[in-house]
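Visitor: I'm new to this one, so could you walk me through it slowly?
Guide: Gladly, let's look at it together.
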Amino acid sequence: MIRYYKSLFDFINKAYSAQFGITFSDLEYITFKELSQPDIQEKIAEQYEYFIIDEFQDTSFIQFSILEKIIHDDFSKLFCVGDLKQAIYGFRGGELGVFLKCEE
């Protein structure tokens, strides 16, 4: 499993570094945009049964929207760990509203 994650990280790092001027926020937007295609949604969704998200209190609305597209609003596929009092990434889009919406 460690080798798998390392190869995934290496791939993202290499591809990200090769694109001059693209920020992490751009990657989120590109991912969100590509997931508007149902065939891509399905291809990714069928590879995963569950998602475990740590530090969920720092999740942005676009990150949450990406997840919703992959899980098709089936929140039984989502396990989130977080604490509203520990939110520290508001400056990069972390949004407590995401935590509260998911809690519903």
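Guide: First a term: helices (H or I, at least four residues) and strands (E, at least two) are DSSP runs, numbered from the N terminus. This is a predicted model, in which local features need pLDDT of at least 70 and side-chain atom pairs count only at pLDDT 80 or more, while totals for chains, interfaces and linings use all residues. Residues are numbered from 1 along each chain as its sequence is written, and side-chain values use heavy atoms, with hydrogens and water left out.

Visitor: OK, how many helices and strands does the chain have?
Guide: The chain has 5 helices and 2 strands, and from the N terminus on they run α-α-α-β-α-β-α.

Visitor: Where is Glu55, then?
Guide: Glu55 sits in the loop between β1 and α4, and its phi is near 55 degrees, a positive value in a residue other than glycine. Most residues other than glycine have a negative phi.

Visitor: And is Glu55 buried, exposed or partly exposed?
Guide: Glu55 counts as partly exposed because its relative accessibility is 38%; buried means under 20% relative accessible area, exposed over 50%, and partly exposed in between (1.4 Å probe, protein chains only).

Visitor: What about His72, what is its phi?
Guide: The phi of His72 is also positive, near 55 degrees, and this residue lies in the loop between α4 and β2 (78-80). With a relative accessible area of 37%, His72 is partly exposed.

Visitor: Switching to Glu68, why does it count as buried?
Guide: Glu68 counts as buried because its relative accessibility is 16%. It lies in helix α4 (residues 61-71).

Visitor: Which residues does Glu68 touch?
Guide: Leaving aside residues up to four places away in sequence, Glu68 touches Asp73, Phe75 and Lys101, where contact means heavy atoms within 4.5 Å.

Visitor: And Glu46, is that buried or exposed?
Guide: Glu46 counts as exposed, at 64% relative accessibility, and it is found in the loop between α3 (38-45) and β1 (51-53). Its C-alpha atom is separated by 8.8 Å from that of Ile70, although the two residues are 24 apart along the chain.

Visitor: Last one: what share of the residues in the chain is buried?
Guide: Buried residues make up 22% of the 104 residues in the chain. As for contacts in the chain with a separation of 6 or more, residues 24 or more positions apart account for 75% of them.
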